[in-house]
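Open your viewer and get ready to click along. Each stop tells you what to select and what you will find there.

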Amino acid sequence: MHKVVERTRIVPNIHLLRLEAPDVVRRVAPGNFVIVKIDEVAERIPLSVADWDRETGIVSIVFMTVGASTHRLAKLEAGDEIEACVGPLGRSQEIGKFGTVAIAMGCYGIGAVLPVARAMKEAGNRVIAIMEARAKELVYWDDRYREFADRLFVTTFGDSGPEAGRVSDVIDRLIAEGEQIDRVVAMGCMFMMKKTAEITRPHKLKTIVSLNPVMIDGTGMCGVCRCTVGGETRFACVDGPDFDGHEVDWEELTFRKRSYLDEEIRALSEWECRTY
Ligand code: FES
């Protein structure tokens with residue numbers, strides 16, 4: 001069992017969950033994820049690791065409320081216990097001295113990509129942090145990025161005004177202005193990562209995306225997370241979650257991600273009927 005140390009709502013649909021998970025913390029690295037399970041019969045939820053404390057053994061996770069399971073997670077309180085927090089899973093992000101690294105992020109990815117962004121800075125890169133949200137009220141942790149990022153851009157695609165737009169619009173503009181970017185790392189919703197990869201493709205600008213397909217076991221056994229990258233079948237849980245965004249078959253990934261949409265909607269409405 002894993003004790004919940006904190007569960008806080010950061011913005012209306014994004015929560016921070018801090019758990020005692022010393023076995024995870026011992027080996028975790030930027031880009032890893034965990035699978036959490038609230039109780040014996042609960043769904044397994046793959047979630048990126050947003051931070052950790054090697055001394056206390058506490059792992060931090062930032063998640064977005066989407067379906068019944070994440071809404072259940074959002075009801076946890078400090079002192080509660082959950083059945084499992086398994087990990088670290090997946091390959092860690094490739095950290096190196098690339099030059100200038102643009103970190104593209106949105107929704108849960110703003111929290112989840114923070115360890116990668118910090119590690120890129122510590123490796124000697126110039127870091128440009130670019131975050132998007134639907135509205136100003138959904139922007140969070142910009143202060144954390146301001147502490148170390150060389151440039152920070154915040155865009156809101158549901159608003160109008162000078163800061164309206166998406167991450168991909170900012171990258172497009174920076175390239176047009178002559179900004180030298182050597183690598184892009186994108187984490188967040190699939191649409192944002194796909195758009196980012198589309199913008200950088202003509203410039204042959206290496207773009208690493210952190211895929212978040214449906215997963216079950218997280219160990220390469222079930223095949224549910226399979227995706228096509230560079231024409232080959234890859235399992236996001238063990239071969240990824242990071243892949244070259246220019247090689248991902250986004251159409252297939254989007255189709256597979258939506259396969260259980262009806263069941264997810266039904267599960268959420270049943271959960272809401274039971275809860276409210
Ligand atoms: S989640 Fe089962 S193979 Fe990846």
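What is the volume of the second largest pocket? It comes to about 320 Å³. A pocket here is an open set of points on a 1 Å grid over the protein atoms alone, where a 1.4 Å probe fits, with protein on both sides within 12 Å along at least five of seven lines. Volume means the space filled by probe spheres set on those points, with points joined across faces, edges and corners.

Before you go further, note that this is a predicted model, where local features need pLDDT of at least 70 and side-chain atom pairs count only at pLDDT 80 or more, while totals for chains, interfaces and linings use all residues. Residues are numbered from 1 along each chain as its sequence is written, and side-chain values use heavy atoms, with hydrogens and water left out.

**Stop 1: the second largest pocket**

Select N13, M64, C107, R134 and F157: of the 15 lining residues, these are the closest to the centre of the second largest pocket. A lining residue has an atom within 4 Å of a pocket point. The lining splits into 10 nonpolar, two polar and three charged residues. In this scheme Ala, Val, Leu, Ile, Met, Phe, Trp, Tyr, Cys and Pro are nonpolar, Asp, Glu, Lys and Arg are charged, and the others, Gly among them, are polar.

Stay on C107 for a moment. Its phi is positive, about 40°, although C107 is not a glycine. You'll find C107 in the loop between β8 (100-106) and α3 (109-112). Helices (H or I, at least four residues) and strands (E, at least two) are DSSP runs, numbered from the N terminus.

**Stop 2: the largest pocket**

Now pick V66, N212, V214, K257 and E264, which lie nearest the centre of the largest pocket, out of 42 lining residues. This pocket holds about 1,300 Å³ of space. Colour α10 (261-275) next: with six residues, α10 gives the most to the lining. By class, the lining has 26 nonpolar, nine polar and seven charged residues.

**Stop 3: helices α7 and α9**

Both α7 (190-200) and α9 (250-257) give two or more residues to the lining of the largest pocket. They pack at an angle of about 175°, with axes 11 Å apart. Axes are lines fitted to C-alpha atoms, for helices over the stretch in contact, and angles run from 0 to 180 degrees between N-to-C directions. So α7 and α9 are roughly antiparallel, the label for angles over 145 degrees. Show M190, M193, K194 and A197 of α7 with W250, L253, T254 and K257 of α9 to see the contact, meaning heavy atoms within 4.5 Å.

**Stop 4: helices α6 and α7**

Which residues make up helix α6? Select 167-176. Helix α6 packs against α7 at about 15°, with the axes 8 Å apart. That makes α6 roughly parallel to α7, as angles under 35 degrees are called. Show V167, S168, I171 and D172 of α6 with M192, K195, T196, I199 and T200 of α7 for the contact.

**Stop 5**

Most residues other than glycine have a negative phi, and most peptide bonds are trans. Zoom to the bond from G87 to P88, which is cis, with omega near 0°; P88 sits in strand β7 (residues 84-89). Then go to G240 and P241, joined by a cis bond with omega about 15°. Finish at W141, where phi is positive, near 60°, in the loop between β9 (126-133) and α5 (142-146).

Key: Angles under 35 degrees count as roughly parallel, over 145 as roughly antiparallel, 65 to 115 as roughly perpendicular and the rest as oblique.
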